[in-house]
Amino acid sequence: MNTQLHVLILDDSALQRCTTRMQLERIGVQDIEESSDGHEALALCENKRYDMLICDLDMPEMDGIHFLKRLSRSGFDGTIGIQSGIDVTVLKIACIMCTQLGFKKVVALPKPVAQDTLSGVIKEHIETRELELEVKPTLDFDISAIQTAFNNGEFQNYYQPKYDFKTEKVVGVEVLMRWIHPTLGIIGPDVFLPLIDQSKMQNELFFLSAEQAFKHFSASESKSTIALNATQTNLETSKFVERLLDLAHQYQIEHNRIIVELTENEVSLLSPVMLENIARLRIHRVGLSIDDFGTGYSTLLKLAQLPVTELKIDREFVASCTYDIRTQSIVRLTHQLARNLGLKVVAEGVENQETWAYLEKLGVDVCQGFLTGRPMPFAQIQRLENNLC
């Protein structure tokens with residue numbers, strides 16, 4: 001664990017500050033400062049850059065909400081950890097507010113916070129910092145740059161592993177595209193996907209991603225499932241199924257290894273062509289997954305009508321399922337619903353061992369998240385599957 005992190009604890013309780021400090025020190029963080037007052041903490045943040053700030057909400061003089069609003073004007077770019085012993089819904093509202101105020105990373109922390117949970121937050125902060133070059137939202141690309149990237153083979157698949165809770169082995173991957181720019185390095189999808197939409201090249205990107213994945217896995221002994229993210233535009237394309245199955249045949253990928261992922265919002269906008277393609281995918285034994293389940297506009301009626309094979313519980317629910325009773329209830333009910341419908345359940349956003357243990361006990365099938373692996377090149381996935389890393 002990196003010990004060079006600078007952490008500030010803001011809490012009016014000396015006991016709580018001491019407890020949090022001890023937890024941080026046990027995981028290797030040494031540069032820790034404390035404050036019991038929001039005014040003092042603002043002054044500290046003006047004079048020093050902190051990687052992480054752990055803030056209580058219920059404080060005299062200046063409460064945590066007021067403090068965080070003022071902090072947002074200072075350009076603070078570290079991780080915000082919000083703690084409170086009051087209603088967890090207030091904690092959630094505070095997190096949403098902070099996100100809307102522009103803080104990069106906001107997490108809700110139980111009080112007291114478990115060492116494992118805090119370790120997971122610190123680990124994610126370090127990894128995010130290391131990968132910040134992947135996201136370049138200020139770069140000014142145009143559509144011609146996207147076409148050049150296609151022509152030069154700069155769009156490359158990365159794969160996030162999916163682990164079986166029972167066997168703790170890799171059983172699948174989600175395919176995630178990255179732009180490997182010759183001079184700027186790795187560029188994330190939040191930069192290039194809007195340009196893909198503007199240039200109406202969604203199908204080119206989808207089938208490029210599918211072909212790369214099928215080619216990679218056809219050359220290996222892996223039997224992992226391959227999850228491809230499809231948009232409404234993809235599924236409203238005639239011959240969509242034919243093109244996908246032709247690629248599977250070309251690279252000898254069994255249909256039942258392929259999963260097409262749709263978000264809830266896309267499922268809610270079904271057209272006749274989409275319904276036709278969805279039906280034909282299932283006729284040919286291709287899996288169908290609803291991503292980000294619980295965050296969109298789909299209805300239970302749609303879930304009952306569509307031939308879905310898998311539900312992915314959204315990371316927003318998974319992140320707090322070990323300590324938030326309401327979120328825990330949603331996760332438990334979603335799992336039970338999926339079980340009753342005969343669907344596989346995937347938990348997204350698993351970031352610490354505590355969450356893994358809870359979901360494993362609940363009976364969730366598959367884990368996906370930073371705890372078990374970030375998106376990575378195919379060679380690294382192969383090493384994971386062969387237990388070489």
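Mentor: We take the sheet, then the pocket. This is a predicted model, where local features need pLDDT of at least 70, side-chain atom pairs count only at pLDDT 80 or more, and totals for chains, interfaces and linings use all residues. Residues are numbered from 1 along each chain as its sequence is written, and side-chain values use heavy atoms, with hydrogens and water left out.

Trainee: In what order do the strands form the open sheet?

Mentor: Strands are DSSP runs (E, at least two residues), numbered from the N terminus. Two of them pair if DSSP finds at least two bridges between them. Here 5 strands make an open sheet, ordered β2-β1-β3-β4-β5, with parallel pairing. β2 (31–35) and β5 (105–109) are the edge strands, each pairing on one side only.

Trainee: How many bridges join β3 to β4?

Mentor: There are 5 bridges between β3 (residues 52–56) and β4 (residues 79–83). Ile54 stands opposite Gly81 in β4.

Trainee: Now the pocket. How is empty space found?

Mentor: A probe the size of a water molecule is rolled over the atoms, and this shows where space is left empty. On a 1 Å grid over the protein atoms alone, with a 1.4 Å probe, a pocket is an open set of points with protein on both sides within 12 Å along at least five of seven lines; lining residues have an atom within 4 Å of a point.

Trainee: Which residues are closest to the centre of the second largest pocket?

Mentor: Of its 14 lining residues, Thr225, Asn256, Ile259, Glu310 and Lys344 are the closest to the centre. β6 (155–164), β10 (258–263) and β13 (344–348) each supply at least two residues of the lining.

Note on methods: Helices (H or I, at least four residues) and strands (E, at least two) are DSSP runs, numbered from the N terminus.
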